[in-house]
Amino acid sequence: MQQKRPILYYPEGTSHAEKIFAHFEKIEVRSYAPDSISNLISEKPEILIANTRLKVDENAVRTFPSVRIFATVSSGTDHVDFNSLKNNGRVFLNAPGCNAGSVAEYCYVSLIRRFSLSELKNMKVGMIGHGNTGKAFHKILKSKGISSVFYDPFYKAESSPLEEVLRSSVLSYHVPLTREGADSTYRMIGEKLISSLKPGTALINTSRGEIFSPEAFSLLLGRNDLYKVIDVFDPEPPSVESGSRLAEVPDSVFTPHIAGYSQIGRASGTYRVAEKLSILYKERPLPPLDSFLLNEGGFRTETFLTEEDAALRSAWKKGDAGYFERRRNSYPIRLDIGLV
């Protein structure tokens, strides 16, 4: 009698998933609509890939008793309760650093949209956080002759003092969302910091919306003398009322949490999780990632920001709060620049 293969479910719209997972022989692969994840309970999947909206905790373990491996094709882990998984003998897989280059290119393009390269060479970019994304952004800036400094308590020997970094002409946040400990990033940006920023400062947040206090974020929106680039919000998606206000904020760029959604950023996330599953289930090795990528297309990182910002604002003005998630779940192929 042939042994039943373990079932893997992944959300529709997962970049390159169909082609990459097609190489599995020992795992049965199926897709599901992101808004119908609860329907999977009766299908008894062993592997469940979901976006970071699913809280992987004690409740998730109870809701999906058949799932042995929870996964996300991104780097985020702030939605995961690792203690609950360990206590229940479950595993979590993700793809740390998969979209670092994509986010870094987003940050660079957001600056070029507002400043010329010659202007940027006379400015200093300050980064809060120097993990995978911070390092990738630093690499781009260095290649363009743009000065940068960073603050990161986990790289004390190389880190500049926080006070120095906060005086930079550009502030870019690249931190994980943490809620405990001396270096917690939850609500790390308060009203005092926003009030202290010099007119003309650019502030970029591609990490998590929760690093702002609500009061600080409101104050930021009201400062028309600052250039604001915001890809993440608290909550997500923003409410109709919040979106209506955001749509009218000048000298800013707003996008629906897609900074890391370039082709390489998304495909490599899927690919890295597939690699881990190949090892766990003793599948044959995958072909190289490059074999799954497109080299041509009309949607490019160099020019996409104006389009993304305009589409999101238009949706907010219409009271369409659902656009935010629809765009994320059905994102087109966005070709990378190749700076990292």
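## Strands S6 and S7

In strand S7, Ser147 is the bridge partner of Lys124. The structure described here is a predicted model. Lys124 belongs to strand S6, which covers residues 124-128 and pairs with S7 in the parallel sense over five bridges.

Helix H9, residues 214-222, packs on the sheet. The strands that H9 touches there are S9 (202-205), S10 (227-230) and S11. The direction of H9 makes about 130 degrees with that of S10.

## The six-stranded sheet

Strands of a sheet are held in pairs through backbone hydrogen bonds, and the pairing is either parallel or antiparallel. S6 and S7 are part of an open sheet of six strands, in the order S7-S6-S8-S9-S10-S11. The pairing in this sheet is parallel.

Which strands stand at the edges? They are S7 (147-151) and S11 (252-254). Each has a single partner strand, so one side of each has no neighbour in the sheet. From one strand to the next, the twist averages 15 degrees.

## The five-stranded sheet

Another open sheet has five strands, in the order S2-S1-S3-S4-S5, and its pairing is parallel. Its edge strands are S2 (28-32) and S5 (91-93), each of which pairs on one side only. The twist here averages 20 degrees from one strand to the next.

Within this sheet, strand S3 (residues 47-49) pairs with strand S4 (residues 69-71) in the parallel sense, over three bridges. Leu48 stands opposite Phe70, which is in S4.

Pro6 is placed in the segment before strand S1 (7-11). Its relative accessible area is 15%, and a residue under 20% counts as buried, so Pro6 is buried. Pro6 and Glu46 are 40 residues apart in sequence, yet their C-alpha atoms are 5.7 Å apart in space. Leaving out residues up to four places away in sequence, Pro6 touches Lys26, Ile27, Glu28, Glu46 and Tyr281.

## Nonpolar cores

The largest nonpolar core has 32 residues. Those with the most contacts inside this core are Tyr106, Leu111, Phe115, Val125, Phe137, Val170 and Phe304. Two or more residues each come from helix H4 (100-112), S6, helix H6 (132-143), S9, S10 and H12. Which element gives the most to this core? It is H4, with eight residues.

Phe115 touches Leu120, Met123, Gly200, Ala202 and Tyr227, when residues up to four places away in sequence are not counted. There is also a second, separate core of 30 residues. Ile194, Leu220, Ala315 and Trp316 are among its members.

## Helices H4 and H6

The axes of H4 and H6 come within 8 Å and cross at roughly 50 degrees. The two helices are therefore oblique to each other. The crossing in which H4 passes H6 is right-handed.

On the H4 side, the residues that meet H6 are Ala100, Gly101, Val103, Ala104, Glu105, Cys107, Tyr108 and Leu111. Their counterparts in H6 are Asn132, Thr133, Ala136, Phe137 and Ile140.

Glu308 is found in helix H12, residues 304-317. Is Glu308 buried or exposed? Its relative accessibility is 0%, so Glu308 counts as buried. Apart from neighbours within four places in sequence, Glu308 is in contact with Phe254, Thr255, Pro256, Ile258, Phe299, Tyr323, Arg327 and Tyr331.

Ser278 has its place in helix H11, residues 263-280. With a relative accessibility of 7%, Ser278 also counts as buried. Not counting residues up to four places away in sequence, Ser278 touches Phe24, Glu283, Arg284 and Leu286.

## Pro250

Pro250 lies in the loop between helix H10 (240-246) and S11.

Pro250 touches Asn224 and Lys228, with residues up to four places away in sequence left out. Pro250 and Ile7 are 243 residues apart along the chain, and their C-alpha atoms are separated by 48 Å.

Definitions and conventions:
Residues are numbered from 1 along each chain as its sequence is written. This is a predicted model: local features need pLDDT of at least 70, side-chain atom pairs count only at pLDDT 80 or more; totals for chains, interfaces and linings use all residues. Side-chain values use heavy atoms; hydrogens and water are left out. Two strands pair if DSSP finds at least two bridges between them. Helices (H or I, at least four residues) and strands (E, at least two) are DSSP runs, numbered from the N terminus. Axes are lines fitted to C-alpha atoms, for helices over the stretch in contact, and angles run from 0 to 180 degrees between N-to-C directions. Contact means heavy atoms within 4.5 Å. Buried means under 20% relative accessible area, exposed over 50%, partly exposed in between (1.4 Å probe, protein chains only). A nonpolar core is a set of buried Ala, Val, Leu, Ile, Met, Phe, Trp, Tyr and Cys residues joined through side-chain atoms within 4.5 Å. Angles under 35 degrees count as roughly parallel, over 145 as roughly antiparallel, 65 to 115 as roughly perpendicular and the rest as oblique. A crossing is left-handed if the near helix is turned anticlockwise from the far one by less than a right angle, and right-handed if clockwise.
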